[in-house]
Amino acid sequence: MVTREELSLKLIERLGKVKLTTSGSGKQLFVVVAEKDLSTSVDYVFNQLGARLITTVGTDRTPVTGKYEVSYIFSFDRDNLLLVIKVEVDPANPVIESVTPIIPGADWAEREVRDLIGVQPENHPDPRRLVLSDDWPEEVYPMRQDFPFDYQPPKVENARPQLKEKPENTSVMTVGPFFPTLEEPAYFRLFVEGERIVGSDYRGFYSHRGIEKLADKVLDYNRVPFLAERICGICGFVHSCCYCQAVEAAAEIEAPARAKYIRTIMLELERIHSHLLWLGLAGHIIGFDTVLMQSWRIRERLMWLTEQITGNRKTYGMNLVGGVRRDITVDLQQKIKEVLAKIEAESRQVVDAISGDTTLLMRLQNVGCLSAEDARLICVVGPTARASGVDIDSRRDHPYAAYPDLQLTVPVYKNGDSWDRTLVRLDELFVSIDLVRQALEKMPDGPIMAEDPVVPPGREGVSVVEAPRGECCHYVITGTDRPERWRVRASTYPQLQAVPVMFNNQTVADAPIIIGSIDPCFSCTERLETVDVKSRRLKVYTKAELMEACQSGRLDGDSRA
Amino acid sequence: MLKIIFIALFNLAAALALAPLLDGFMRRIKAVVHSRQGPPLLQTYYDLFKLFSKEDREVTSDLVFRLTPVVCLGAVLLAALFTPMGGPAPLGFGGDLILLVYLLSIPGIAIMLGAMSSGSPYAMLGASREMMLVLTVEPVLFITLFTAGIKANSLVLADITGWSVSHGWSISLVIAGLALLLALQSELAKLPFDLAEAETEIMEGPFVEYSGPKLALFKWAIYAKVVIYVSLFLEVFLPGPKTGILVADLLINLVKVFIVVGLVELIELVNPRLKIDQAINYFKGVAVLALIGLAFALMGM
């Protein structure tokens with residue numbers, strides 16, 4: 001066990017003079033280190049103290065301090081402690097030493113900092129573009145403060161992603177950008193010899209939406225939760241909850257107890273629906289459509305229930321900074337209990353039916369293995385980590401909402417294959433049902449909104465929430481009436497970086513279920529503007545017209561941006 | 001002569017016109033097990049009709065690519081004329097069993113050739129899977145049918161059926177029948193052995209580049225294959241009951257086909273797709289079983 005004070009002392013001892021700030025919640029420590037000390041301190045924290053890297057945030061703070069800031073957010077899972085190591089970077093020479101050689105899991109986050117803020121990570125092993133679109137001009141960094149949120153880049157013909165060269169004597173199988181089993185765009189290139197995969201390459205981030213920029217430039221504190229909810233169609237409540245908690249942590253607002261319980265209930269209902277959804281999709285991927293139909297039938301009951309509670313099947317619109325917008329009345333509590341009883345009985349039937357299925361075991365066991373060591377290095381979270389024997393769960397390790405009051409068991413398995421990831425999720429299904437029951441039992445009376453929450457500017461807050469797919473992290477620097485910087489790290493972000501490791505020595509037939517077994521949500525990882533096209537007239541577009549339409553953002557006035 | 005023409009027309013009609021209904025029947029069963037409402041019974045006819053009326057996009061002007069769908073369906077229809085479906089086979093001669101087995105292997109080869117000519121990597125992978133499956137499963141069909149032929153002392157399908165009806169069960173026939181039943185799931189490209197198509201892995205594999213009428217021809221051939229394979233299995237290994245009235249026999253066979261196809265569909269519904277190496281391992285076991293049946297037949301049991 002290490003407390004915040006001990007950790008501060010250790011860091012001072014190790015690095016000499018460092019600037020320490022703390023936040024009010026007592027669980028967050030912010031340390032500013034010199035650029036030359038970054039590698040040493042990161043190495044010390046990750047390898048000696050056993051912390052886990054959550055993500056890296058690049059912030060343009062030139063209006064306040066005249067510097068860019070790069071923050072590495074670490075989690076001490078056993079100690080309920082979040083550590084943010086920051087370096088300040090001079091805009092005249094925006095270069096830092098990459099920590100990816102020390103922590104492979106920092107790979108994407110550092111490339112993202114380079115793409116969005118323009119701070120170059122030196123000695124990065126894979127310095128290709130990550131987040132920005134392939135036709136985006138060089139040297140234009142969208143997350144800088146002087147960058148307008150509605151900027152449209154100039155037209156480019158035939159932009160192509162930078163791809164890895166295929167190894168000799170292999171052929172390329174592509175999974176994506178549009179693939180029938182992955183409902184979202186993601187481009188995996190598999191280098192195969194016959195059916196065996198010998199290497200892979202990934203290009204994603206096809207549906208950027210500019211969500212962070214929008215929050216930093218346009219919306220205000222209480223509009224962002226509704227935007228945050230739209231980061232992901234499946235774990236939307238997680239994101240809005242995580243954002244609200246981050247602002248609450250920064251502003252030292254305490255949400256009322258009843259609001260916390262309602263958040264917990266909604267989070268767990270969301271987890272039940274998400275795991276049932278995943279089970280169905282996993283079944284579909286390996287051709288087992290009976291599982292798909294049955295688990296989605298069970299899930300449907302839950303969707304009706306959430307519609308009764310919030311008015312929506314998904315995208316509930318429940319959270320605000322300081323509390324929630326709708327109460328769960330006594331009638332609804334009764335209804336929830338009834339639906340849960342049915343869901344539990346029906347899920348049990350499905351789980352019993354599939355857990356002994358030998359053909360299913362043949363398809364899932366020893367497929368897509370991820371060792372505990374790799375899981376730690378790539379910093380995977382959630383069911384993927386727990387299936388590899390990494391015992392982390394932010395509901396238990398960083399308790400938030402009503403979780404400190406509830407009894408929670410965390411299922412952990414050892415093999416790290418797709419079957420273990422399935423087992424973790426099946427176990428969690430019943431844990432979640434139990435948690436909702438406990439929360440309903442203990443829910444106190446009282447208000448559901450904090451009175452008159454005020455958010456002072458210039459504070460920082462970090463919040464983690466255990467989403468169904470793993471841990472989500474939101475980082476907020478408060479501004480005057482909107483966040484000065486809001487960084488989202490969705491749960492799929494680290495898991496996707498582990499997929500190339502899981503591909504090792506597998507066959508093409510395994511590829512979709514390996515990708516599926518991390519419960520991927522590609523859009524969660526992506527952040528830029530997208531265009532929703534709704535054209536009723538029949539028209540065939542040429543490639544040039546489509547490019548034109550993409551770049552101007554509309555198709556004959558029928559679209560809505 | 002009139003009788004033979006009638007049977008020929010009946011067989012062709014069963015293979016062509018009735019086969020989509022069989023697929024619709026399977027889709028209804030699937031829907032019931034899935035707790036779904038499911039499509040109408042005639043949906044497969046509508047699907048075929050829609051495909052035929054669609055524009056035909058060709059990825060290559062290769063003649064092989066254009067011809068293989070026709071060859072595939074043609075071979076299946078010819079096979080239908082050699083298959084007894086309740087009554088005697090309309091075309092038959094001494095040794096027609098050998099011809100039938102060859103005819104039945106043509107669709108698989110046509111699918112492979114068409115896939116390879118399209119040049120898509122998914123089609124290539126599907127074709128290589130199809131080839132591996134054909135090479136492991138077709139021998140089972142060979143061996144089991146020849147087992148029955150040895151018992152009946154003839155390679156004429158009509159003789160084999162007649163012998164089965166009059167002599168009843170024997171150890172070798174039971175084992176061979178069982179082996180063919182185990183292989184049937186793969187011959188009909190049903191889960192867990194639909195690896196060549198595997199739409200969630202390689203997007204329908206060999207058919208990925210086919211569209212419109214050509215795809216319809218392939219699909220139709222696959223539906224027709226179901227009728228032929230199941231009829232063949234039933235006529236050789238479960239020929240009874242025979243009434244002696246031709247029309248009644250033909251109808252009884254159809255009812256039996258529906259029952260077997262229903263069973264095949266139920267097996268499909270409780271299994272995920274296997275990988276190619278797992279499937280081949282499975283069929284090695286089935287082939288050994290078929291060989292045991294053959295050995296018993298050679299010993300006269």
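Start by showing chain A and chain B together: they bury about 2,300 Å² between them, 58% of it on carbon and sulfur atoms. Buried area here is the accessible area (1.4 Å probe) that two parts lose on being put together, summed over both. This is a predicted model, in which local features need pLDDT of at least 70, side-chain atom pairs count only at pLDDT 80 or more, and totals for chains, interfaces and linings use all residues. Residues are numbered from 1 along each chain as its sequence is written, chains are lettered from A in the order in which they are written, and side-chain values use heavy atoms, with hydrogens and water left out.

Next, select the residues in contact (heavy atoms within 4.5 Å). You will pick up 30 residues from chain A and 23 residues from chain B.

Now zoom in on A:Asp510 and B:Lys275, whose side chains meet in a salt bridge at 3.1 Å, N to O. A salt bridge is a side-chain nitrogen of Lys or Arg within 4 Å of a carboxyl oxygen of Asp or Glu. The count between the two chains is 1 salt bridge.

Stay on chain A and colour strand S8 (171–175) and helices H7 (257–285), H8 (289–310) and H10 (358–364): these elements each give two or more residues to the side that touches chain B. H8(A) gives the most, with 5 residues. Helices (H or I, at least four residues) and strands (E, at least two) are DSSP runs, numbered from the N terminus.
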